[in-house]
Amino acid sequence: MTRILQSDKLDNCVARWREAGLTVIGPVKNESSSSYAAVEKAAEFDFSLIMPDRSIKELFFPQTEPMLHYTIKKQRIDTSDFTPPPEKRIIFGARPCDASGLAIDDPLFGWDYKDNFWFQRRDTTVIVTIACTKADDFCMCTSLKLAPDSTKGSDVLLRPLQNNKGWQVEELTDRGRDAFNEIADLLQDGSGPAAPTAVVAEKFNLDACVAWLQNPENFESTFWREISMRCIGCASCTFLCPTCHCFDFQDEGDTYSGIRRKNWDSCSFALFTMHTSGHNPRATQSARWRQRIMHKFNYFPGKFNVNSCSGCGRCSRQCPVDMGITETLQAISTLPS
Amino acid sequence: MTIQETYKARVKKLLASGTVKMVIGYKPGTTADRRRPHFIRTPEEADQLVLDSACITNLSGYLLSEGLLSDEKAVAIFLKPDGIRSINILAAEAQLNSEQILILGFDSNDNQVTALEGEKVEEFTTLIESIKEQAPEALKNPLLEQIEGMTPKERFAFWQGEFSRCIKCYACRQACPMCYCRRCIVDCNQPQWVNTSSHTLGNFEWNIVRAFHLSGRCVGCGNCDRACPVNIPLRLINAKMAQEVLGAFDHFSGMSHTQEPVLASFKKDDSETFIL
Amino acid sequence: MNEIFEPKIVAFVCTYCTYAGADLAGTSRLKYAPNVRIVRLPCTGRISPMFILKALQKGADGVLISGCHPGDCHFTHGNYHARRRWMVFRALLEFTGIPSERVKYSWISAAEGGKFADLMNSITEDIRKLGPFDQYNALIKETEAPATF
Amino acid sequence: MKIVARHDEAPGVKTMRVEFQNPTDLELFKQRYRTGMFGLYGVYGEGESTFCVASPETRNEYIEFTFRQSGRVTSALANADIGDVITFRGPYGNRFPIEQFYGKNLIFVSGGIALPPTRSVIWSCLDQREKFGKITIVYGARTVADLVYKHELDEWGKRDDIDLVLTVDPGGETPDWKHRVGFVPTVLEQAAPSPENCIAVICGPPIMIKFTLISLKKLGFDESNVYTTLENRMKCGVGKCGRCNVGSIYVCKEGPVFTAAEVSRMPQADL
């Protein structure tokens, strides 16, 4: 039987979860920018956003994170590791594309060496996704074989009611069930009609694109230079992307003590691959853009069997020069494979 | 004929006659209000050209794309007055030869696009002089004045709040026509002056350094401000510095292609009231 | 709570004038506040604003930049260039909320040992009154803290 | 790890020998380390840099590594002295399948600062010399001064069970240079090793590898008998951070040792 969470009960839910020791996080907009942030009251949520400017990634893989602290003394060096905060969290109102982005990155952080910084956060976070009822010109989840109501990566999926006064609750995992048992008495039995999910037009034929990308002959196609000519080489697409996961280590400190940090890094920076000798395997911006597309739709699925793109469209939405995955793959769809 | 059509015809002519090897302009973007940079190399490609009030990006940074100007062939580029000023600065700082640049000037006011007379950068001097005269008024901004009215503590808190959002994607730097350094100061690590991590301290330092490097050079095109994915009001800090150099040294950036950079020149009687 | 706040002040000075002035202060047995750490550079023209930021980053409560009087520069006009740079950088720091009381500029010649000693005392006193740079220190603290999310 | 010896090889190039301070770490290293693997050497406060382990698996009581001083980390390493402590993370990556080389002739080709990875294979083989056939080493550098491991080159030159061919680029020779002058691929072709029952191990700057592969092909070598190591820029060493990617390969995980056949399947423009 379906249960309903009414909007006016949400504030009670937030309070109840907070009492239970959970940090409640959700889409929040301030004057100029939006992100997933911690809230104290339900009124702080803004569910009217298509999606927050910044992806959910930063809650699991922060832009900068201390890894270890060192102190250097005479004849000895002491180090102590940082660990992610142990607090349990609930993210209420994630978008399905953001939630799937996390699921996409799980195998990457899990293969070979299991990255505790990622998985401890994954294990202590409940993700409550709200299906999208509206989309904009940049949304492209359907082109990635996902949907505005995908359940991938979510613990609970909520479908907005047609009357806009609540959500149908669809519990998907034990973790999600536990979190909603906490507030079981605030839920109602029964099911109102759900609002229709957003219509997201299919923007390109993924299979055709992947086939083109997999053809080694196309690696040095002039297409890459043409499509990336206006790329200015910033990292806003990669940093806002819910699945881009490249990082860098930086030591900050002096010869007595300091901290080694893990920072986001981006394949679109020229220095990303630069060798000591000055040789740069990806010396041009077009080679770097090609790497990004190839990595997402050819290399990553070759290794982990899933495309490294969840179709949120942030790369195109926020690009200073209106580039992005959509445009590139649309252009590829029209090329003969 | 609309201005767009006039320019389209002119672009086709320029390319067909071989006067220029490329025209940098605008074409339609993903949504109705977006325009994309468009690199036109054949008359046919000019069909996509758009020129309207949504064309706001300053395209001059593309002139420094590696190899573009090295063959000494001419390139035409659509520029608003701020873009023309950035050409002057780039020429003054020896980053390009302004002889190679053919300017297709335009300006837009109240959704109306007007053409600007002239092709070579020198021909716009009178225009830029009139902009300079209006600058003290034009640089005014209510939020800027509000910040100036704050106590240092409040100002610090204001910028701390803004900079805490920075993700160090360097879109501001990459979008800026004036940020052409082969190796930016944040990428230099011996020593590492600025923290590359994007904690608030690192962000604070980065944004101060960038604002300083743009002092007296920024033309106020707003590329950085629009590029910022987290909407930090970068334009304010640059406008403030522009006001400062205008007031202190009567320097208005991009006046001519021979203008001395403000921080690479001096007058013996520069103000020094603050020096003990 | 009666502990007196001892500010840490970094002075970037040119070797030809201010450093010689500091030397003179020393050889003249002038006593001045021990809160100042002097970094000697060839010329004020070499003092990049980066140095000021680095000093703040490492927890300085105040910064002093000092060199030859205009016209006295060993390299003829290094200090003229520096003067412009300071003017602009000072405005920038003020606009971003780093109080100008914390970053001071001065001309001290090789003969002005007395001025050097007096200035060190007065700057130390001024910054002691201001107290530690709490806002900046909070940012520094934040970099050492574990992730909150 | 503690630095127990350091040696200047060439201008800006140093070799360090480091020993584990903790016996359990040493045991782990002995269990895991095989010739060809690399590690991340670091100095706290500066960062980490990736170099191969230049000492062979047959001498796994210590680690030797050779590097050129050029950036922040390598400068800090270069300034470290005997007795100083540096960090080591590893060993990571795959290995040279040395037991598959048993009974075969070997030719080592390397250039400049790329001798260290080859050197660890050379010593692995020399320490069990009887298991291999003829061993030829072709090594070149830009100038005589840029040759690394000069003392070992002397030693190898004196041994009669090694055929050592040294060369420097034209213009890099000194008046008393007795060996060859010319680029490595050319000298290799002159030396003309027989591809019969022979394994080639090559390492050098990308441009040298490119032309050496062409030369080896000319000499009749099969791509699957040619081994090389791809020393890409790395940060994490565990297949996450993304910068060592060449095509779908994480060089730090699936490399750095590849056969020329594997390399030829990678996107050439991204090498």
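Chain B has 9 helices and 5 strands, where helices (H or I, at least four residues) and strands (E, at least two) are DSSP runs numbered from the N terminus. This is a predicted model, in which local features need pLDDT of at least 70 and side-chain atom pairs count only at pLDDT 80 or more, while totals for chains, interfaces and linings use all residues. Residues are numbered from 1 along each chain as its sequence is written, and chains are lettered from A and ligands numbered from 1 in the order in which they are written.

Staying with chain B, the order of elements from the N terminus is α-β-β-β-α-β-β-α-α-α-α-α-α-α. Its radius of gyration, taken over C-alpha atoms, is 20 Å, close to the 19 Å from the globule rule for 276 residues, so chain B is as compact as a globular protein of that length. The globule rule is 2.2 Å times the number of residues to the power 0.38. The C-alpha trace of chain B spans about 60 × 45 × 40 Å along its principal axes.

Of the 276 residues in chain B, 46% count as buried, meaning that 20 or more other C-beta atoms, placed from the backbone, lie within 10 Å of the residue's own; exposed is 12 or fewer, and partly exposed is in between. Contacts are next: two residues are in contact if their C-beta atoms, placed from the backbone, lie within 7 Å. Among the contacts in chain B with a separation of 6 or more, 64% come from residues 24 or more positions apart.

Now the contact between chains B and C. It takes 31 residues from chain B and 33 residues from chain C. Which elements of chain B give two or more residues to the side that touches chain C? They are helix 5 (152-163), helix 7 (200-213) and helix 9 (234-249). Helix 7 of chain B gives the most, with 7 residues. By residue class, that side of chain B has 18 nonpolar, 5 polar and 8 charged residues. Here Ala, Val, Leu, Ile, Met, Phe, Trp, Tyr, Cys and Pro count as nonpolar, Asp, Glu, Lys and Arg as charged, and the others, Gly among them, as polar.

Last, chain A. Its domain assignment gives domain 1 (3-189) and domain 2 (206-333), with bounds from an automatic or database assignment. The C-alpha centres of these two domains of chain A lie 25 Å apart. Their contact takes 33 residues from domain 1 and 30 residues from domain 2. On the domain 1 side, strand 4 (64-73) and helix 2 (96-110) of chain A each supply at least two residues, and strand 4 gives the most, with 9 residues.
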